[in-house]
Amino acid sequence: MVEVYKVCFYYIGIFFLVYLFGYATFLFLSVIIGSTTLYTSKKKTILKNQLEEDYYIPVSIIVPAYNEEVTIVDTIKSLLMLNYSLYEIIIVDDGSEDDTSEKVIDAFNMKKIARPIPIQISCQELRYVFETKGHKVPITLIKKNNGGKADALNMGINAAQYPYFVCMDADSVLQHDSLEKIMKPILEYDNVVAVGGVVRPCNDVEIQNGKIVKYQLPRNVLACMQVLEYDRSFLAARILLDKFNGNIIISGAFGLFKKETVIAVGGYDTSTMGEDMELVMKLHVFCKKFNKPYVIKYASDAICWSQAPEKLKDLCKQRRRWHIGLFQTMMRYRTMFASTKYGLVGMISYMYFLMYELLSPYVEIFGVITVIIAIAENLINVPFMISFFLIYALYSAILSLTAFFSRVQTIDLQLKVTDVLKAVLLCFFEISFLRFIIAWVRTTALIGYKKKKKNWGRIERKKINVK
């Protein structure tokens with residue numbers, strides 16, 4: 001029996017070495033390429049060697065809202081401060097049970113209008129429309145029956161008057177130049193159907209007139225660790241995948257889409273929790289199937305500031321939802337797996353998200369269980385195991401800090417010494433502890449999945465520090 005154990009653990013060890021080597025290599029290349037791309041972009045800006053245009057492509061900004069009375073007014077105010085000339089703001093109240101609509105109507109002196117909205121994408125029934133044109137750009141408020149975020153976005157697309165639309169969350173704030181920067185790929189490339197922006201936690205960040213006037217890491221430890229996590233995620237894989245048109249996810253907090261193409265694919269899917277990823281995958285499949293030339297870009301300098309959960313239970317709700325959405329989308333488009341028909345999107349992008357996103361929590365939990373059994377059976381060299389884990393943690397921490405400091409430096413944010421020390425210290429906790437907590441949440445996310453697959457879970461909101 002001991003010999004059988006030894007053989008099993010030998011092959012398990014080989015599997016983990018190959019798995020970690022693949023992940024470490026991908027992450028290393030991603031961070032290096034990502035950092036280089038950011039520095040190159042900043043250098044071009046300094047040398048004024050970027051595309052300069054006074055021409056503005058009209059764009060609709062759609063903000064779905066459900067019980068967002070705490071943040072919605074500040075979000076709209078921030079949108080009115082954007083450095084852009086031709087856009088409209090559409091707020092879609094998805095049957096809120098609080099005073100979301102009333103707050104918006106009172107704050108912006110809106111009037112009820114009889115505006116017909118052509119329904120090109122199916123969505124829940126319209127209740128009423130309010131509008132105001134007494135501000136920098138038109139603001140429209142649509143109240144509809146509750147149908148979920150995807151359904152609210154579909155209503156917003158139906159109401160949008162311009163050929164491109166931006167979707168964003170009601171607890172988020174765009175930087176003053178973010179709309180201009182996320183629109184830039186439309187001018188630089190042909191056949192752009194979608195552009196993803198960057199999402200950064202805004203906890204304890206002060207924003208005035210769309211600009212960061214005070215930047216510091218969140219006082220809340222959990223939110224602080226998420227800053228490191230977000231920067232690693234948005235700097236690493238997305239910039240690398242962008243090099244070959246391989247991004248298959250655009251954050252629902254900040255993304256740009258071509259309205260005509262989104263309508264052609266049927267809009268957002270209301271049956272999934274991952275409507276943002278599902279739409280991007282659907283765009284890939286649609287364009288490949290009908291041989292339509294297309295580009296999906298990532299704007300690494302278009303920043304959206306969004307709230308990160310400050311309570312562990314809220315974070316767990318969020319990550320459970322994300323993992324279920326990932327599972328739903330990956331299963332729906334499983335024909336892309338290692339398929340040459342979809343080129344590098346199927347061979348690399350799908351494989352990466354399958355192996356290192358969808359399956360990674362199960363691999364990590366299995367690894368922990370394996371180590372515990374091996375120690376109990378005296379089949380492992382404990383000092384070697386500890387050394388291996390420390391080396392892996394140090395390697396991951398270096399990559400996380402490289403991503404974090406690259407992002408801070410290239411957007412000219414100033415950090416206090418205490419924030420630098422906090423980032424260095426907490427990156428180890430994020431890798432060693434928070435990572436395994438989230439891995440457990442993601443591992444158990446599919447338990448009872450069919451009964452609760454549409455239960456998003458409510459996350460506590462705080463007022464955004466906007467002036």
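Helices (H or I, at least four residues) and strands (E, at least two) are DSSP runs, numbered from the N terminus. The views show a predicted model, in which local features need pLDDT of at least 70, side-chain atom pairs count only at pLDDT 80 or more, and totals for chains, interfaces and linings use all residues. Residue numbers start from 1 along each chain as its sequence is written, and side-chain values use heavy atoms, with hydrogens and water left out.

**View 1. N245, in the loop between helix 7 (237–242) and strand 11 (254–258).** N245 is not a glycine, yet has a positive phi of about 60°. Its relative accessibility is 19%, so N245 counts as buried (buried means under 20% relative accessible area, exposed over 50%, partly exposed in between; 1.4 Å probe, protein chains only).

**View 2. N291, in the loop between helix 9 (275–289) and strand 12 (295–306).** N291 is exposed because its relative accessible area is 67%.

**View 3. The nonpolar surface patch made by I375, V382, I386, F389 and L390.** The patch covers about 410 Å², with accessible areas from the Shrake-Rupley method with a 1.4 Å probe, where for residues only the protein chains shown count as cover. Patches are made of residues with over 30% relative accessible area and no salt bridge; like charges are joined within 9 Å, and nonpolar side chains (Val, Leu, Ile, Met, Phe, Trp, Tyr) within 5 Å. A salt bridge is a side-chain nitrogen of Lys or Arg within 4 Å of a carboxyl oxygen of Asp or Glu. Helix 13 (residues 382–410) gives the most to the patch, with 4 residues. L390 is found in helix 13 and is exposed, with a relative accessible area of 53%.

**View 4. L179 and I182 in the largest nonpolar core.** Of the 41 residues in this core, these two touch the most other members. A nonpolar core is a set of buried Ala, Val, Leu, Ile, Met, Phe, Trp, Tyr and Cys residues joined through side-chain atoms within 4.5 Å. Apart from neighbours within four places in sequence, I182 is in contact (heavy atoms within 4.5 Å) with V166, V195, G196, G197, F254, G255, L256, A299 and A302. A second, separate core has 32 residues, including M225, L315, L413 and C427.

**View 5. Cysteines C287 and C316.** C287 is buried at 1% relative accessible area, and C316 counts as buried at 19%. The structure holds 0 disulfides (pairs of cysteine sulfur atoms within 2.5 Å).
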